[in-house]
Amino acid sequence: MKFSIGDRILLTRTGEEGHVTAYINPQMLEVEVGGIAFPVHLEDIDHPYMKWFTDKSAKSKKKSLPEQLPVEKDKDRKQRLAKGVYLSFIPVYKTEEMEEVVDHLKVYMLNEMPQPLKYVYDVRFSHKSEFRHEGALHAFGNVYLHNVSYTDMNDQPRFHWQLTDTVNAEMETAEGILRIRPAKLFEHIDSLLSNGQPAFSYLLIDDFVPKKKAVPIEPRKHSGEPFSKLQALPLITTKTIEPARYEIDLHIEQLVGNKGGLTNTDIVTIQLNTLQHYIQLAIVHRQERMVVIHGLGKGKLREEVHAILKQVPEVGRFKNEWSGKYGFGATEIWFRY
């Protein structure tokens, strides 16, 4: 055949150029010229090489200043996803027994926001880091991170991430953990195959949020009298080495080595100071939930704990219900940010 699909062609009658898009029959082809596709007979088209040569020869005879290479204009890449930062997974397939199966997944980070950011990325299997990377990502940019085998994905690795706005220092650093269960992974891949899509993505954040200024909680009164030692605690910052706790036991035996000589007021003071301390730590670390063990007794400590929780704006809700582990002796707290 004189022409193949993709070849450049010249319409002999009009002098317009285009390319072959499809083969119709031995006498006709489909071509596209100026964005319009239509059929033509072979006798009405030709290769454009002779025209190019003659045009070039004619231009070379003219004395003119050398042409400047055109400068490509900056074009903002169109946003592909809703605003935010995403972790994106592209399955790579291999053929086994005449069937395509997933061999591994390529992991990318996509920044669909108008500001650059810094990121820390860490993949862990059974709390052990297998791959860690830190870097910067420009506005509306993306970065390839690494590959994860399909077999390893079935072990449910934890994808730890941390994002920092490099433009506005008043924005809070965002962090979290992504885990994809095997059933969900299979569902994603099945959907990609059905819809002919290349990747699935998880939204990490849709925007950065301003930093919150911690406010010390006002000490409360007990039995009508202020505690002798309950004072506003110093603000805790992210520089604090001490980690947050997901479970706090306020039984005095867990807080002091020897309770001898302590009055009831002193004991409650220590318990509530401890509660305030770990609430602030949880907020600084953006902890999602926490369990406070206060025991049963007469319910006085539980009432004081609940009264303090009602003063904390970051506490979304809490409940004191029976559980197999704590009975009615603990309160579960959920934070909001």
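Helix α3, which covers residues 182–195, holds both E187 and K184, three residues apart and so about one turn of the helix from each other. Helices here are DSSP runs of H or I with at least four residues, strands are runs of E with at least two, and both are numbered from the N terminus. The model is a predicted one, in which local features need pLDDT of at least 70 and side-chain atom pairs count only at pLDDT 80 or more, while totals for chains, interfaces and linings use all residues. Residues are numbered from 1 along each chain as its sequence is written, and side-chain values use heavy atoms, with hydrogens and water left out.

E187 and K184 form a salt bridge, with their closest N and O atoms 3.4 Å apart; the term stands for a side-chain nitrogen of Lys or Arg within 4 Å of a carboxyl oxygen of Asp or Glu. Both partners are partly exposed, E187 at 46% relative accessibility and K184 at 35%, where buried means under 20% relative accessible area, exposed means over 50%, and partly exposed lies in between (1.4 Å probe, protein chains only).

The helix also has a buried side. L185, H188, I189 and L192 are the buried residues of α3, and they cover an arc of only 90° around the axis, which puts them on the same side of the helix. That arc is taken from the directions from the helix axis to the C-beta atoms. These buried residues pack against β6, β7 (99–111), α2 (150–153) and β13, contact meaning heavy atoms within 4.5 Å. On the face turned away from the buried side, α3 carries the exposed residues A183, F186 and S194. After the helix comes G196, whose phi is positive, near 65°.

Rings of Phe, Tyr and Trp (its six-membered ring) pair if their centres lie within 6.5 Å, and planes under 30 degrees apart count as stacked, over 60 as edge-to-face and the rest as tilted. The ring centres of F89 and F200 are 5.3 Å apart and their planes stand at 15°, so this pair is stacked. Both residues are buried, F89 with a relative accessible area of 0% and F200 with one of 5%. They belong to one aromatic cluster, formed by F89, Y121, F131, F159, F200 and Y202, and a search of the whole structure finds seven aromatic pairs.

In one of them, R124 meets D122 at 2.8 Å, N to O; R124 is partly exposed at 30% relative accessibility, whereas D122 is buried at 5%. Another salt bridge joins E321 to K319, whose closest N and O atoms are 3.7 Å apart, and here E321 is partly exposed at 48%, as is K319 at 32%. Salt bridges that share partners join D122, R124, R132 and E134 into one network.
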